[in-house]
Structures are given as structure tokens and as C-alpha cells.
Amino acid sequence: GKYRVVSTKSMPGTRWINLLIEQDCRVEICTQKKTILSVEDIIALIGDKCDGVIGQLTEDWGETLFAALSRAGGKAFSNMAVGYNNVDVNAANKHGVAVGNTPGVLTETTAELAASLSLAAARRIVEADQFMRAGLYDGWLPHLFVGNLLKGQTVGVIGAGRIGSAYARMMLLKKTFEIADHMLIYSPFFFITAYGAFLKANGEQPVTWRRAASMDEISLHPILDKTTYHLINKESLATMKKEAILINCSRGPVVDEVALVEHLKQNPMFRVGLDVFEDEPYMKPGLADMKNAVVVPHIASASKWTREGMATLAALNVLGKIKGYPVWGDPNRVEPFLNENAPPPA
Ligand code: GLV
Ligand code: GLV
């Protein structure tokens, strides 16, 4: 191969590797055992010559790494993720490195996890499972694991992009799966997205995020940037219903996790379903003890089809830039408009 492409992790499937090999690339996959690579680890991986890198959301892609990649002749970087808060896009641009992400293929998979967490939280599935395994079930009781009925409740979706909109659609499937009767949606881009138009055509109204946060159930799907950091904090939690359900499948820092733990302690009927955490892989002290929290390890996009698709898209992003042909999406443009034009939440 003429070009050297590095992947910081082994990724599902073989299609992404074959695509690169067929197009003159030598693929090198990091074999380090540790889960999270440091900046130094990645500099060593980049070495003296590297045309492109496929990286992960656990890595800090800032000035140092883009400078190193550029010195090695690299022109392309793709995150294997739709979120790219771990990437300093300006630093990449400064060093002439194009940045790509992997939207689209993970939309439905992520929305399905949010829906799963909604039901698990409402019906206390995990708590009940632990109770069974602990051998505590000694007969049916009228009060045993009484939870929330979602039918007839109103769901607020904060961040109605691709994923939030798919979640809204799932929760609105009235014929087969009658859950929530009404959906309130906040997105700064509501009117400019096809999803926004679709939802509006179906009678769903855009609202302020504060109003969405006052519903029976709230699901968070915004990107993480300075306008959404700690959007859910002590103050906004205090405005929520005491028996609300809060789901987060976006990024941990959208929620002030310390304030959330305190809120869960004070309000035993308030329930959360969390896929992401402020200091991954850690949970804030006390969260693991809360029975009213369902927690899973950032697995929202973890279906086989989606993960293979993400790997393929990441490879195409890098390949497209190296070979100079147009590919799905535009690796020069990691949806930058999302960051630049986002109005601060009202
Ligand atoms: C996962 O969190 C992603 O952003 O793809
Ligand atoms: C519960 O199992 C019922 O029969 O109501």
C-alpha cells in the first residue's frame, strides 16, 4: 500500500479494512491492550509517516495530535462516532487535516436504546431483575415494583436532530406500541431539519427546552458544546416533575451528575436511564447506589449493523480525503454548522 492508515482501535467487521486495502492503503490497527489511549500513545502510533487516522471518542484530538499527524503528512482524521466533542476541529483545520464523523448509521440503534432505557426506568426492570437474582421474590404483592405507566404521558425531547427525532417517532408509534400520547420537542434546528418538518407535519410542536424539561419524561439528544454543558443542573432539575423520567444517551456533561445524584436521593420517585457519564468510565459518587437509576456503559450505538457501518463510514471519510474523491458526507465538514449557528438555549 502506498498510504498508511492507522486505526487506534480494532473495529467490527472487515468491510472497512477491505475498502482501504483495495485502494492502496496499508492498514495498521493499534494492538495496545489498554482501553483509553493517551496522547503520547497516539503520537507513537502516528509515527513519521501517516496519511490518515481513524480514532475514537475516548481520545483527546487537539492541537498536539493534529500537529503530529500533519508533520507525518496526514490529511485526514475520522472519529468513529457521530459526536465529536473530543475533537478540536479548528486545530485540525489549522493543520490542514480534514475531520469526519459517522452520523446516520447509528440513529435508529441509539434511539432504540433510549426507548429501552425509558421503559426500563419506568417499569424498574433492572431493580426487579436484581431482586429476583437475589432470591428475594417470595410471592406476588400489590405493591411490588410499582412503576410508571407511559401511556398518556407527555415526552419532552431535548435535541431533535436525527437521533432525538427517531426516538420521538418510536415513542409515538401508537398502533403497535402505544406509549406516549404527545411529544414536545426542543431543537435549535427544528425548522431546518427534515425531521423537524416531518414531526411538524405530524402535529408535533417545537417548544423551548425548559418546557420540554417539564414533561413526564425527558430524553436528551443534543450535541455537547458550551451551550448544552450542564443544561440539566440543580436549577433545571428542580423545575422537573417529582416523578419524571430522565434519559441521557447524548454526552455525560449535558447533565451535572453531582446535582443529579443529589436529586435522585431527594426524590425517590424520580428515575433516570443513563448511557453516558460526566467522567467516563467513572460514575460520580453515590450514583451506583441509587435504585432509581438505570445505568449502562455507553452502548447506545452498539448493534452489529451499526458498529460495522460506523467503521465503514470512518474508513470512507479517511479514504475520500486521501484519494481526493467525494464520499458519503464531506470529511472537510464535520457538521460545523451545528456548533457555529447554535443559538444559546432559551
Ligand atoms: C457515540 O457516543 C457517538 O457519538 O457515536
Ligand atoms: C396479575 O398477575 C393479575 O392477574 O392481575
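Ile299 touches Leu113 and Asp275 once residues up to four places away in sequence are set aside. This residue belongs to a predicted model, in which the chain has 346 residues, 44% of them buried. The secondary structure of the chain comes to 13 helices and 12 strands, and an assignment divides the chain into domain 1 (3-103 + 303-340) and domain 2 (107-295).

**Ile299 and its setting**

- Ile299 is found in the loop that runs between strand E12 (293-295) and helix H12 (304-323).

**Nonpolar cores**

- The largest nonpolar core has 47 residues, and those with the most contacts inside this core are Ala114, Tyr167, Ala212 and Ile218.
- Helix H5 (residues 107-123) supplies the largest share of this core, namely 8 residues.
- Leaving aside neighbours within four places in sequence, Ala114 is in contact with Tyr167, Ser219, Ile247 and Cys249.

**Surroundings of ligand 1**

- The residues that surround ligand 1 are Leu57, Ala81, Val82, Gly83, Leu106 and Ser301.
- Sorted by class, the shell around ligand 1 has 4 nonpolar and 2 polar residues, while no charged residues are part of this shell.

**Domains and contacts along the chain**

- Domain 1 is written as two segments, 3-103 and 303-340, whereas domain 2 is given as 107-295.
- Where the two domains meet, 7 residues of domain 1 are in contact with 6 residues of domain 2.
- On the side of domain 1 that touches domain 2, there are 2 nonpolar and 5 polar residues, with no charged residues.
- Of the contacts in the chain between residues at least 6 apart in sequence, 69% join residues that are at least 24 apart.

Technical notes:
Residues are numbered from 1 along each chain as its sequence is written. Chains are lettered from A and ligands numbered from 1 in the order in which they are written. This is a predicted model: local features need pLDDT of at least 70, side-chain atom pairs count only at pLDDT 80 or more; totals for chains, interfaces and linings use all residues. A nonpolar core is a set of buried Ala, Val, Leu, Ile, Met, Phe, Trp, Tyr and Cys residues joined through C-beta atoms within 7 Å. A residue is buried if 20 or more other C-beta atoms lie within 10 Å of its own, exposed if 12 or fewer, and partly exposed in between; C-beta atoms are placed from the backbone. Helices (H or I, at least four residues) and strands (E, at least two) are DSSP runs, numbered from the N terminus. A residue is near a molecule or strand if its C-beta atom, placed from the backbone, lies within 6 Å of it. Ala, Val, Leu, Ile, Met, Phe, Trp, Tyr, Cys and Pro count as nonpolar, Asp, Glu, Lys and Arg as charged, and the others, Gly among them, as polar. Domain bounds come from an automatic or database domain assignment.
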